[in-house]
Amino acid sequence: MQRLLQIFVLIGFLSGFSACSIVDDMLLTEEVGDFSRSVVALSAIITKEFSLAEEVNTIGFTDNLRFQLELGGNPDTDLKPLFNASDIAARQSLLSGLNGYVETLAAVASGKSLSSEYAELAGTAENLKLVSAESFNLTHSLSLLESNQLVNDLSLFDKLFILPERDKRLLPIVEKGGTALKKMAVLLYFDMGAVSDQSSKCSYTYPKNNLDADMSSLRLCKGGLRSIVSNAISFDTNIWKDKLSYMKAQGKDTATERNAAIERLVSIQKLGQSMDKLLNETQTTLIAMVKAHETLEVTLQDAGKSSSPPVSATVSSLLFHGKLRGLLETMATVQAALAPLSGSPTTSRDFKSMTFPQTASGESDDK
Amino acid sequence: MTNSYKDALAQLEKAQSALNVQDVSGLPATQLVNLERSKAAIYGEIQALQAKQIADRDGNYAAVTTEFQDCKAELADLSNWVSAREARDHALFSTLAKGVSIALSLLM
C-alpha cells in the first residue's frame with residue numbers, strides 16, 4: 001500500500017514538472033544513478049550468497065565431524081568447499097562486468113569522465129572474455145548448447161567500456177547493453193536454480209525454455225545454488241536428528257543437552273527457510289532488474305518525444321528498488337540466523353548499512 | 001550396472017533419502033559411525049555433482065569425490081551388519097538396507 005502511494009506521489013511529482021527539461025534531466029540522472037546503485041547492491045548480495053552457502057556447508061561438516069568423533073570414529077578431517085576458486089572467479093567476473101556496465105551508465109548520465117576508471121573496466125572486460133560455461137553447472141535445466149549460448153556473448157560489455165568519449169551517449173549504450181544484461185540475469189537465474197522440478201519434462205529431458213522471452217516464464221529443474229543449500233541444510237538437520245535419537249537410545253541425554261540439540265535442530269531448519277527465501281527473492285529481483293533496464297531504455301528513446309518519463313518506467317524502477325530493499329532485509333535475517341550457528345559475530349550490519357535508492361517521497365530507505 | 005551422471009545423481013539422492021529416514025536408535029555406535037561417514041560421503045558426492053559441470057551428463061558415471069570412492073568399506077560393513085540382523089529385525093532396518101544397497105551399486 002505504501003509502495004502504491006509512493007508511485008502515485010512520484011507520478012504526480014513528475015507530471016507537475018513535465019514542462020521543465022532541466023528537472024527531467026536531473027530525474028533521469030537520478031533514475032540511472034539509482035538503477036546503478038541497486039544493481040551494485042544486488043551483485044554484492046549474490047557474491048555473499050555463495051559464501052553463505054559455504055558457511056552452511058562448513059557447519060554440516062563440523063557437526064558431522066564432532067558426531068563421528070563422539071561415537072569413537074575416525075572421520076575424514078579435510079573440509080571440502082562446495083565451489084573451487086575458478087567457479088567463484090567466474091561468477092565474480094560476471095558480477096564485476098555487470099557493475100562496470102551500470103557504473104558506466106551512471107557516469108555517462110551524470111556527465112562524468114570515465115577515464116579514471118578505464119583501467120579497472122578494461123580489466124573487467126578481459127576477465128569476462130575468460131568466463132566459460134565450464135565454471136557454471138546449468139545442466140540441471142539447460143542443454144550444454146544453451147549454457148554455452150548464455151555464457152558466450154557476455155563480453156558484449158567490453159565494446160561499451162572502450163567507446164571513445166565522444167560516443168558515450170546513454171541511449172546507444174543502454175540499447176546495446178540490454179542484451180548482455182539480460183543474458184547475465186538469465187544465467188544467474190539458472191545458477192540460483194530450484195529446490196524442486198518446475199516442469200514435468202525434468203525427469204527425462206530439459207524444460208522447453210525460450211531464453212529470449214520474459215524471464216518469469218522460465219521453468220527450472222531441481223539444481224543450482226538453491227538445491228545445493230537445501231541439501232547442505234538437510235545434511236546438518238539429519239546429523240542433529242540422529243544425534244537426538246542416539247542420545248535418547250543411550251539414555252545419556254540430560255534435559256539441558258536435549259534442549260540444546262532441539263534448539264539447534266530447529267534453528268538450522270529456520271536458517272534453511274530464510275536462505276531459500278533469500279535465493280528465491282534474488283531471482284525475482286533479477287527479473288525486476290531486467291524490466292527496470294528495459295523501461296529505462298524506453299524512457300531514453302522517448303526522451304526526445306516527451307518531457308516526462310513514462311509511468312511504466314517509474315513503476316518498474318520502483319518495483320526493482322522495492323524488491324532490492326526486501327532482499328536486503330532478508331539478507332539481514334539470514335545473517336542474524338547464521339551467526340549463532342557458525343559461531344561468528346553477527347554481520348547483518350554489512351547489508352543493513354548499504355545505500356538504498358531514495359523513495360519517491362524523498363525519504364531515505366536506509367533503516 | 002552402468003549409470004549416467006544424471007541417473008547417478010538421482011540414485012544418490014534416493015540413497016540419501018533412505019539413509020536419512022532410518023531410525024538410528026537401534027544402531028550400535030560402530031555402525032552409526034559407518035552410517036554417518038557414508039552419509040557425509042554421499043552428501044559430498046551429490047554436492048560435487050550439483051556444483052561442477054559434467055561435460056557429458058549422459059556419459060558413464062564414475063564417482064567424482066575420493067570420499068565417496070573410499071566409503072565402500074563403511075557401506076559394505078553396514079550391509080553385512082544389516083544382513084546379519086535381517087532375519088530378526090528386517091522391518092527395523094529395511095530403509096537402511098535399501099539406502100546402502102543403492103549407494104553400493106554405484107561403486108561397483
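1. Among contacts in chain A between residues at least 6 apart in sequence, those joining residues at least 24 apart account for 80%. The coordinates under discussion are those of a predicted model.

2. The secondary structure of chain A consists of 11 helices and zero strands. Read from the N terminus, the order of elements is accordingly α-α-α-α-α-α-α-α-α-α-α. Chain A has 367 residues, and 43% of them are buried.

3. The largest nonpolar core contains 114 residues. Within this core, the residues with the most contacts are A:Met184, A:Ala185, A:Val229 and A:Met289. Helix α2(A) gives the most to the core, namely 13 residues. As general background, nonpolar side chains tend to be buried together in soluble globular proteins.

4. Leaving aside residues up to four places away in sequence, A:Met289 touches A:Val39, A:Leu42, A:Ala185 and A:Phe320. One of these partners, A:Ala185, is itself listed with A:Met289 among the residues with the most contacts inside the core.

5. The packing of two helices may be considered next. Helix α3 (residues 85–109) and helix α7 (residues 170–192), both of chain A, pack at an angle of about 160°, and their axes are 11 Å apart. Because angles over 145 degrees count as roughly antiparallel, α3(A) is described as roughly antiparallel to α7(A). The crossing of α3(A) and α7(A) is left-handed.

6. Which residues of α3(A) and α7(A) meet? On the α3(A) side they are A:Leu94, A:Leu98, A:Tyr101, A:Thr104, A:Leu105, A:Val108 and A:Ala109. On the α7(A) side they are A:Leu170, A:Ile173, A:Val174, A:Gly177, A:Leu181 and A:Met184. The residues of this contact divide into 11 nonpolar, two polar and no charged.

7. A:Lys48 lies in helix α2 of chain A. This residue counts as partly exposed because it has 17 C-beta neighbours inside 10 Å, whereas a buried residue would need 20 or more. A:Lys48 and A:Met331 are 283 residues apart in sequence, yet their C-alpha atoms are 9.1 Å apart in space.

8. The final point concerns the two chains. In the model, 28 residues of chain A are in contact with 21 residues of chain B. On the side of chain A that touches chain B, α2 (21–70) and α8 (224–250) each supply at least two residues. The largest share, 10 residues, comes from α8(A). By class, the residues of this side of chain A comprise 11 nonpolar, 11 polar and six charged.

Methods:
Residues are numbered from 1 along each chain as its sequence is written. Chains are lettered from A and ligands numbered from 1 in the order in which they are written. This is a predicted model: local features need pLDDT of at least 70, side-chain atom pairs count only at pLDDT 80 or more; totals for chains, interfaces and linings use all residues. Two residues are in contact if their C-beta atoms, placed from the backbone, lie within 7 Å. Helices (H or I, at least four residues) and strands (E, at least two) are DSSP runs, numbered from the N terminus. Ala, Val, Leu, Ile, Met, Phe, Trp, Tyr, Cys and Pro count as nonpolar, Asp, Glu, Lys and Arg as charged, and the others, Gly among them, as polar. A residue is buried if 20 or more other C-beta atoms lie within 10 Å of its own, exposed if 12 or fewer, and partly exposed in between; C-beta atoms are placed from the backbone. A nonpolar core is a set of buried Ala, Val, Leu, Ile, Met, Phe, Trp, Tyr and Cys residues joined through C-beta atoms within 7 Å. Axes are lines fitted to C-alpha atoms, for helices over the stretch in contact, and angles run from 0 to 180 degrees between N-to-C directions. Angles under 35 degrees count as roughly parallel, over 145 as roughly antiparallel, 65 to 115 as roughly perpendicular and the rest as oblique. A crossing is left-handed if the near helix is turned anticlockwise from the far one by less than a right angle, and right-handed if clockwise.
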